[in-house]
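Subject: The two-chain model, with notes

Hi there,

Here is the structure I promised to send over. Have a look at it first, and then read on for my notes.

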Amino acid sequence: MLKSSILGLVVLSLIVVGTGYAGSFAPGGPTAWAPWCISTGTCGALMSLMALGAVRRGRIAPVLQWVFAGMFLWCGGCFAVALALPANEGAGGTLLFGFPLRSTIVLLGVAVVPILVFPLAWALTFDSSMLSEDDLRRLREAQAAMALGNNAGGRADEGSK
Amino acid sequence: MIALLQASLPRMTQPLIVTIALLYFAVVAVIATWATRRTKNERDFFVAGAGVGLWTLAIAKMAASLSGFSFVGGPGLVYTIGLAGVFIILPGALSNALGAWVLAKKMRLLGETRGLLTVPAAIGARYRSPAAQGLAAVGILIAVIGYMATNLLALGIVIEAIFGTSLAAGIWIGTAVILAYSVAGGILAGIYTDVFQGSVMAVASLMVVAFALKAGGGLTHISQTIMQADAKFLGPWGNAGPITALSFFFVFSVGSLGQPNVIHKFYMLKNPRQLKWYLLLMSVALLMAQLIYIAIGVVVKALVTQGSLAPLAKADQATPMFLLHAAPVLVAGLVFSGVAAAIMATVNSFMNAGAAALTLDIPTAFGRKLSDELLWGRITTIVLAIIAAGVAQVSGTLVAFLGIFGWGLFASTIAPALAIGLNWEGATKAGAIASICTGLGLTLVGGTLGYFKIIKLPTGVDVASLSLITSLLVFFAVSWITRRNAASELDADIQLVMEA
C-alpha cells in the first residue's frame, strides 16, 4: 500500500514535469507556470524515487519520511522563492554571502543543504533501514538454500529422464 | 583553445608543463603495468574482480563522472550563459543520494547473486529478458561512441596544447595511451588510475578555486563587477532563462540513474556494508567539482568585465585563459594534467562499458556466449576506441552533437527499466522494452532532426529531457497495462534482492 502510494507520487510528479514541458510549447513562448511545474515536479520525482528505494518490508523509517518530505518542501520552496521574487541582480542589487539573493537561495537550497542532509540521513539509518550484518547474512543464507534447491531439482529432472 | 594555448603559453614555462604531463603519464603507466599483472579473467577485466574498497570506489566514481566537460566545457558554458550553466552540476548532491537509495545496494547485491558484469545484464536478470538486455546494450553502445569521441577530441586538444603536436596526432596519441592500459588491465587498471587521476583532479580543483577568488578580488567584488555590466548573468537562471536551467536540473538529476559508467561501479565494491559511508565520501568529492565548475566561469566573466582579460573568442578558452592569467605555471601544469586525467578516466569507463555490451550483452540477446570473453573484451575495446578516435578526427561539429545526446540516450534507455524496475515488483518486461525503445527512438530521431534543423524546439527545451520524461511515462503506462505478467517475470532470487 505504501509503495503504491509512493509510485503514485512518482507518476504524479512526472506528469507535472511533462505538463511544464507542454507549457513550454505554447505559442508566443513558455507559459508563466511552466517553470513552476518543472521545478516542483522534478523535486517531487527525486524525493519520491528516493522514498521508493527506501521502502523495506512495506515501511520507511520515520526519520527518512521526514527527510524526504522536508527536502521536497525545502528544495521546491527554494525554487519557488527564486521564481516568485522580483529580479534584482543589477547594479546595487541585494547580496547574500557575496552572491545575488535569489541565486544564493537556489545554490544553498539545491546544492549545499542536500550535501549536508542526505549523507547524514543515509549513514544514520543505514544499519536499521538499509543493510545490517544480519540482513546480509539472512539474504546470503536464503540464496544459498535457493541455489541448493535449484541444483537438487535439476539433478532430479536429469534422473527422471 | 588550441590556438590560444599554443600562442599564449610562454616558451620558458612550457618545459615545466611538459615535465608535469610526462610525470603524470609515467605514473599512469606504472599503475597500468601493475593492474595488467592482476587481470586474469573477464571478472577482473569488467568488474575489477568485485574486490574494490569504498575509498577507491568513491574516488573512481568521482573521476569517471567528471569528464573534460567539468574542467573545460562547463566553465565555458557558465561564462556564456551565466548561472544557468551551473544547473548541470548543481543537482549532484541530489543525484548522488538518489543513486544511493535507488540503486547502490540493489546493484551490489544483484551483482553478487547472479555474478553480473554489466548494467544491461541487470535489466536482463530483472525481467528475465535477453531482448531487454540486448536493447539496453545497443543504447549504451551508440551513446558510448559519441561520448568517447567527444572526450578523445578534448584529450587531443590538451595533448596538442602541451606537446605541440597536431590535433589529429593528439587524438591518436591520447587514444593509444588510454588503450594501452584499458586493453591490458581492463577496468582494474581503470579503477586504480582513476584513483590517481581523481586525486590529481581534487588537488587541481582546490588550487584553482583559491586562485580564482584571489584573482577576482573576493566573491562580493566579483558579483558587484558582473552585476554592473550584465544583470541577468548572476541571476538564478543566468542568461538562458528558467526553462533551460530547470531542464538541465531535471535531466541531470533524474537522468543520473541511467549512467552506466557510474552505476556499473557498484558491482565492484567488495563489501556491501561499506556503502554506509559512500554518500559522505561522494559528497566531499562532488563539492570540489562544483567549486571549480562555478568559480572559473564566473571569475573569467568578472575579469573580462573589468578589462583585466580580453573577451574570449570561444567559451572553451575560459579555463586556459584563467590559468595563464591568474595561476602559477606549476598550478597550470597540474590543472592541465587534471583535465587529461578527467578525460582519460571517463573514456576508460566508457570503453569498458561499450566492450562489455559487445562482448557480453549483445551475444546474450541472441542466445550465445563467446568462448573467450577476456580476449574478446580486449579486441572490442580496441575496435571501439579506433571508431571513436576516427569519429573525433573527422566529424567536426557532429562530435559535440554526439556527446550531447549520449547523456540523454543513457538516461532515457536505462533509468526507467533499471532504477524503477529494481524497486517495483509490478514493473513488466513489456514496460521495460517499450521504455528502452521509446528512449532510443526519440533520442536518435529527435536528436538527428534537431541537428539538421528539420525541427526546432522551444527555447530551453531539449530532446534529452523530452525523451526521458516520455520513456518514464511509457514505462509506467505499459507496465500497468501488462501488470498481470509482472509476478511471473520475477525470479525468486531477484525478488530476494529487491526486498533485502
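Residues are numbered from 1 along each chain as its sequence is written, and chains are lettered from A and ligands numbered from 1 in the order in which they are written.

**Confidence**

The model scores ipTM 0.92 and pTM 0.89. Where pLDDT is low, the predicted coordinates should not be read in detail.

**Where the chains meet**

On the chain B side, 56 residues are in contact with 53 residues of chain A. The elements of chain B that each give two or more residues to this side are α6, α10 (219-229), α11 (242-254), α13 (278-305), α19 (463-481) and α20 (492-499). Helix α6(B) provides the largest share, 10 residues. By class, this side of chain B has 39 nonpolar, 12 polar and 5 charged residues (Ala, Val, Leu, Ile, Met, Phe, Trp, Tyr, Cys and Pro count as nonpolar, Asp, Glu, Lys and Arg as charged, and the others, Gly among them, as polar).

Helix α6 of chain B spans residues 92-114 and bends by about 45° at L103(B), the bend being the angle between axes fitted to the seven residues ending there and the seven starting there. It is largely enclosed by the rest of the structure, because 21 of its 23 residues are buried (20 or more other C-beta atoms within 10 Å of a residue's own; 12 or fewer is exposed, in between is partly exposed, and C-beta atoms are placed from the backbone). Just after α6(B), G115(B) takes a positive phi of about 65°.

From the other chain, L139(A) sits in helix α5 (residues 133-160) of chain A and touches L109(B), L496(B) and A500(B), leaving out residues up to four places away in sequence. L139(A) counts as buried, with 20 C-beta neighbours inside 10 Å.

**Two loop residues in chain A**

R57(A) is not a glycine, yet has a positive phi of about 50°. R57(A) lies in the loop between α2 (34-54) and α3 (62-84) of chain A and counts as exposed, with 5 C-beta neighbours inside 10 Å. F97(A), also other than glycine, has a positive phi near 55°. F97(A) is in the loop between β1 (95-96) and β2 (99-100) of chain A and is partly exposed, with 13 C-beta neighbours inside 10 Å.

**Inside α19(B)**

S471(B), in helix α19 of chain B, is buried, with 27 other C-beta atoms within 10 Å.

Best wishes

Methods:
Predicted model: local features only at pLDDT ≥ 70, side-chain atom pairs only at ≥ 80, totals over all residues. Helix = DSSP H or I, 4+ residues; strand = E, 2+ residues; numbered from the N terminus. Contact = placed C-beta atoms within 7 Å.
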